[in-house]
Amino acid sequence: MDAMLRPGLSRQLSAAAMQIPMLSSPLKQTNEIDWVEPLKHHIRTAYGDDPARYADECHTLNRLRQDMRGAGKDSAAGRDLLYRYYGQLELLDLRFPVDENHIKISFTWFDAFTHKPTSQYSLAYEKASIIFNISAVLSCHAANQNRHEDTGLKTAYHSFQASAGMFTYINENFLHAPSTDLSRETVKTLISITLAQAQEVFIEKQVVDKKKPGLLAKLAAQAAYLYAQAVEGVQDNVSRAIFERVWLLMVQIKQHHTASLAQYYQAIADYEANSYGQAICRLQAAQGANKEATRMANSFPGSVPSNSNLTSETGTILVEMTKKHASAIQELLTEYIRDNDMIYHQPVTSENNLPSIPKLPAAKAIPVSELYQGQDIQRIIGPDIFQRIVPMSVTESASLYDEEKAKLARAEAERVQTADDELATSLDYLKLPGSLNILKGGLDQESMGVDEDFRSWCGDLSGHSPFGPTFDQLREDKQNVHSTLDSCTKSLDMEESVCEKMRSKYGGEWTQQPSSRLNSVLRTDARRYRAAVEEASTSDAQLFNSFRQYESDFDEMRSAGETDEADVLYQRAMIKAGAGKKSVTSPGAAEEGNLLDDDFADDARQSVAEQIERVEELMRKLQLVKRERQQVLKDLKDKIHNDDISNVLILNKKAITNQEAQLFKSELEKFRPHQNRILQANHKQSSLMKELTRTYGDLLQDKRVRSEQNKYEAFSRQRNTVLGKYRKVYQAYTDLQAGLSRAQQFYDEMRDTVDSLKKNVDSFVENRRSEGGQLLSAIEAAKGSGADREQARLKELMERMSVSPATQSSASPIPSMGDRTSAHRPPPLQPQTAYNSQPQYNPAASPPITPRYPSNGVQSPQYGQQYPTPTNGTFAQLAQQQQRPQSYNTQQQQSQDRSAYNPNTYGPVSPPAHQQYFSPPPSQQYSSFQQPTTSQYGTQQQPPQQQQQYGGQNVPAGWQPPPPPPGPPPSQDYGAVGGSQYPAGPGGYASDPRRPAAQQSGGDPWAGLSAWK
């Protein structure tokens, strides 16, 4: 039977060897446009960038379009040019809105079939036209392949499918076509033609490969179906004068030819399946379809239009194709009829009763997305021309993606850190690897040596001077402060006592203000300083108690540090604590056992050594896992840092409007291998830790191991005891050093503070004494004119008893009284610098009372201020009033006022001793000064003498203005009151050697003060 079939198949193969013509779409033509200027204008206005920076990119795009216009329809170079221009248009559309409202460019294209021009401002029209030309070039490229070769067959098959995919993309993405060649019906017809031809090329390939007739029949049935669909569309387009009529004839011939092929191959399959009558019927049907194809082929014109993309030999080839196929059918039909009549005698089935042949599609439209996934396509398109321009929306999306990457990196870093912490915690709980040294050979020499902290403590104490002299110095400083405060208090008490005694002696004539009102601030400061010192004494006592408690330990550690015998002291302390080296390392006591233990000693030791080695191996593996995990995390961070999907975001800008999360998720999948490696490392660590815990637990159950472990634990406890003791001693030493330093600083500052207070007290007392001396002089001068006042009083009384009113109005003074008074008139006081110009005492500057030494040093104010001494009047004014010639009425009024005088009801009536007026006269201006700011202990202010100005001039340090004369008559001696220093103490003026004897024997109220006291 095989021998009978061979001649028919060979004839069919020879017929298939002839190249059957294929249809291909013509290309659209276009006019030249300019991309450069519109793009530059948009870059300037929309992106705010300098368009000159992108001149090369704009010219590259413009040149690319010009090259595309000249692309050949049957060349790989033309196809690549169209691919590249379209790809750049897609990238351009993501950055530049090319339409009637933004970048306005008129694109003019001519219809591929009717050649009618169409112009639009839409970039979509430009892209659709380019895609149409790509499809046309692909179809031309497929039709012109040499299908006698295997490579040509594969290229034609792929190109026809790619062309159908491009046409499908036009129908799916571009609606309302402006030209007939881009209309849905026309494009749909072209899709059917290209898919039918791809199916036909596949059949040719299967025939060459000698596939089974049943498969060939199914493939041919599908081709006939696709050509039948194409016939309908071609007829419509031919009726509208779009397609050439030869296209309709071509498609009809192909339809009948592939239907005949389907029946032919199915007949062979039926014959092989012993359906002889059905096979004869199918051959008859194939013969009928081929006759129709032959009839149409014979009517095919000899000359074809140039726009049909067919050659003049197309009709001849089609006629030859149908003729050869008819011969093959007739030969096989004759053979089958003869065999059936002679052998099988099966009835021939009617053609209407033939079962339909199943269709097997072998060609499909390749989507554009799959075309652009290939590396060759990316190479053809080339890099993005305007890649330096990134739209704001893409930047925002990239920012969101960066945040997602950062979250992933943080999560993985946290997972790695957690695993590392778990490993460290587990090893620390098992006391590994330190405890292995104990298990392998007992306590080593390093563990028995002196602790480095202990050695450093002894070194710190070496060379330190004893604390005893420091405490003695503190006591001395405290006593000095107390004595200074006592001296200040005593001076204030003495001054106040003298003032009150003089007030008791002279009564209302003693107009000096009471001291208790003026020295309250000084007394308050003295009390506060005394209280601060008392509280500091408490801290001193605590420091001294701490010193006594650890004095012997200080001496031991200082001696050990100076003689470099810290190890001796350490071992002595360990022995004292019960953990000496001999008791720890003595093998006799630790390894006592019975005879049964000795018999198995060697085996036990070997077993222990093996277990220790196993534990060490597991620990090495754990460390290796840790290092590997760290390296994976480092690689992951580097990969995340270098990952940039800006181009992907630009390419998918329109597709991911609401699907950013899905895109990010798919992009983050590239990091999945690193995440899996980290998870695997964590799982491996967990299993190794479980095995290590079990192995180490078994090791600790050994009796010898437990003995060594107990010794190590006992040694550790004693070691911790010794170190704890001396750590406390060293801490006490450092605390004592710091406390003594603060105490010394406190007393130094307090000494300066009370010294400043003493200066102020001395100045205050001196001013009060000076004022008292002037007041005494004024009282003495007033007593000298007592007789004159008595005469004036008598005269006044006589005038009152007089009857004549004229006498009352005429108050003629006594001339001799005026002369007498003027004779004893004291000289006026010389103008002195106002006392108030000196800095005032500021109570806010007093140091606060603190119970402890401040850690940063207590700051003390500088008591350089002078205390102002309020007085009850100006002595010069009083003397002038007493010495001025007065009328009798005036003297009478003064007498009445003097008799009613009460010193406690008057305010200040006199300025300080060295000041003539309460305020400077108009001709004298106050000198500017600045009060010292409030400070704390330790802040040294400038001396008060440097801060004062006298009479508006700078005064040297330590200079004080001389006091004014006390104001006695000119005949008196001023030596006693003109000096810079006045005698101090009660009765000091009476014992002053500078005063003349006559004045002392006179009515000096200070002379008998000691006896009066």
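How many residues does helix α5 have, and how far does the helix reach from its first C-alpha to its last? The structure examined here is a predicted model, in which local features need pLDDT of at least 70 and side-chain atom pairs count only at pLDDT 80 or more, whereas totals for chains, interfaces and linings use all residues. Residues are numbered from 1 along each chain as its sequence is written, and side-chain values use heavy atoms, with hydrogens and water left out.

Helix α5 covers residues 123–143, has 21 residues and reaches 30 Å between its first and last C-alpha atoms. This is close to the 30 Å expected at 1.5 Å a residue, the expected span being 1.5 Å times one less than the number of residues. Helices (H or I, at least four residues) and strands (E, at least two) are DSSP runs, numbered from the N terminus. Of the 21 residues of α5, 20 are buried; buried means under 20% relative accessible area, exposed over 50%, and partly exposed in between, with a 1.4 Å probe and protein chains only. Cys 140 counts as buried because its relative accessibility is 2%. The N-terminal end of α5 is capped by Ser 122, a side-chain oxygen of which lies 3.1 Å from the backbone nitrogen of Ala 124.

The protein as a whole has 38 helices and 5 strands. Of its 1013 residues, 46% count as buried. Contact means heavy atoms within 4.5 Å. Among contacts between residues at least 6 apart in sequence, 82% join residues at least 24 apart.

Three of the strands form an open sheet. The order in this sheet of 3 strands is β1-β2-β3, and the pairing is antiparallel. The edge strands are β1 and β3, each of which pairs on one side only. Two strands pair if DSSP finds at least two bridges between them. Strands of a sheet pair through backbone hydrogen bonds, either parallel or antiparallel. Strand β1 (residues 29–30) pairs with β2 over 2 bridges, and Thr 30 stands opposite Trp 109 in β2. Strand β2 (residues 107–110) is joined by 4 bridges to strand β3 (residues 117–120). Trp 109 also stands opposite Thr 118 in β3, while the bridge partner of Phe 110 in β3 is Pro 117. The hairpin of β2 and β3 has 6 residues between the strands, and in this hairpin His 115 takes a positive phi near 65°.

A further helix, α9, holds 28 residues (residues 245–272). Its end C-alpha atoms are 41 Å apart, which agrees with the 40 Å that the helix should span at 1.5 Å a residue. In α9, 23 of the 28 residues are buried. Asn 274, which follows α9, has a positive phi near 70°.

Two residues in other helices illustrate packing between parts of the chain. Gln 685 is placed in helix α28 (residues 672–700) and counts as buried because its relative accessibility is 3%. The side chain of Gln 685 makes a polar contact with the side chain of Arg 629 at 2.7 Å. A polar contact is a pair of N or O atoms within 3.5 Å; within protein, one must be able to donate a hydrogen and the other to accept it, and residues adjacent in sequence count only if both atoms are side-chain atoms. Leaving aside neighbours within four places in sequence, Gln 685 is in contact with residues including Ala 419, Glu 422 and Leu 622.

Cys 458 lies in helix α17 (residues 452–461) and, at 1% relative accessibility, is buried. The C-alpha atoms of Cys 458 and Gly 561 are separated by 4.5 Å, although these residues are 103 residues apart along the chain. Not counting residues up to four places away in sequence, Cys 458 touches Met 557, Ala 560, Gly 561, Ala 566 and Leu 569. Cys 499 is likewise buried, with a relative accessible area of 2%. The structure holds 0 disulfides, a disulfide being a pair of cysteine sulfur atoms within 2.5 Å.
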